[in-house]
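Let's walk through this model together, starting with its aromatic side chains and then moving on to its strands. Have the sequence and the 3D view open as you read.

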Amino acid sequence: MMQQWKRSVWAALLTLATLFSFTGCNSSEEESSESSVDLSNIASAVMEEGSTEAVTTDYAYIMNDDGTISVSGYTGSDTDLTVPGTIDGYVVTAIADHAFEANPDIKSITLPNGLITIGESAFSDCSNLTTIVIPDTVGTIRRGAFISCTSLTTLEIPASVTEIMEEAFTGCAALEDLTIASSTVEFANWWMDTSEIPSGLTITCPKDSKVAAWADENGVATKPLS
């Protein structure tokens, strides 16, 4: 998709450049100067209008309708990542679906303040990921966000999160300490089957929360949130 988009943009730029070149042949040098076009500005406008994927040095991103962006991929080689709060001047508000999926090199990732959504399967199959820092601006964690993060042992979900969708922790066999800070968070089927819940898991959560009740029903150890 990226290659097709790039070809389309450059085809449009070359066409415009050719048209202005012909115009310049029939006008004076002064008129040609007045008719000059900044092709870089055209490329930027085409990208924003199409709301398609763009790539900065290490992070690919998608333009959102509100002018913010969703990080859709990482092309760098760092193993410990701190996702920036702004990229190319755009505010990061989401991690897109499948953004970091199946990246075995990432060991830790810190997400930026201002992030609102973690997309479907955003970190699935990141087999060496041990640490994820989630800011207290996130409201939604979509389906299967952490599927098969097999090295993940601890995870803290801040109180700002109001919804954690199904299969979020399926395949997280090493998970030992899960903190759910909200007492009213909506959730469903975090594991495909309750038999997959790690035997050594302890959930830290508010004493009278929905999560505490669920854990009690399913024989999962809990610890009250201090």
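Does Phe187 count as buried, partly exposed or exposed, and at what relative accessibility? Phe187 comes out as partly exposed, at 22% relative accessibility; buried here means under 20% relative accessible area, exposed means over 50%, and partly exposed is in between (1.4 Å probe, protein chains only). Before going on, a word on the ground rules: this is a predicted model, where local features need pLDDT of at least 70 and side-chain atom pairs count only at pLDDT 80 or more, while totals for chains, interfaces and linings use all residues. Residues are numbered from 1 along each chain as its sequence is written, and side-chain values use heavy atoms, with hydrogens and water left out.

Now for the rings. Searching the whole structure turns up 11 aromatic pairs. Rings of Phe, Tyr and Trp (its six-membered ring) pair if their centres lie within 6.5 Å; planes under 30 degrees apart are stacked, over 60 edge-to-face, and the rest tilted. Take Phe146 and Phe169, a stacked pair at 6.1 Å centre to centre with 5° between the planes. Phe146 sits in the loop between strand 10 (140–141) and strand 11 (154–157), and Phe169 in the loop between strand 12 (163–164) and strand 13 (177–180), so this pair ties together parts that are 23 residues apart in sequence. Both Phe146 and Phe169 are buried.

Phe187 has a ring partner too: with Trp214 it makes an edge-to-face pair, 6.5 Å centre to centre and 85° between the planes. Since Phe187 belongs to strand 14 (residues 186–187) and Trp214 to helix 4 (residues 210–217), the pair ties together parts that are 27 residues apart in sequence. Helices (H or I, at least four residues) and strands (E, at least two) are DSSP runs, numbered from the N terminus. Trp214 is buried, with a relative accessible area of 17%. Ring pairs link Phe187 and Trp214 into a cluster that also includes Phe146, Phe169 and Trp190.

On to strand 3 (residues 69–74), where 6 of 6 residues are buried. Strand 2 (residues 59–63) runs antiparallel to strand 3, joined by 5 bridges; two strands pair if DSSP finds at least two bridges between them. Tyr59 has Tyr74 of strand 3 as its bridge partner. Strand 3 is also joined to strand 6 (residues 90–95), in parallel, by 3 bridges, and Val71 stands opposite Ile95 in strand 6.
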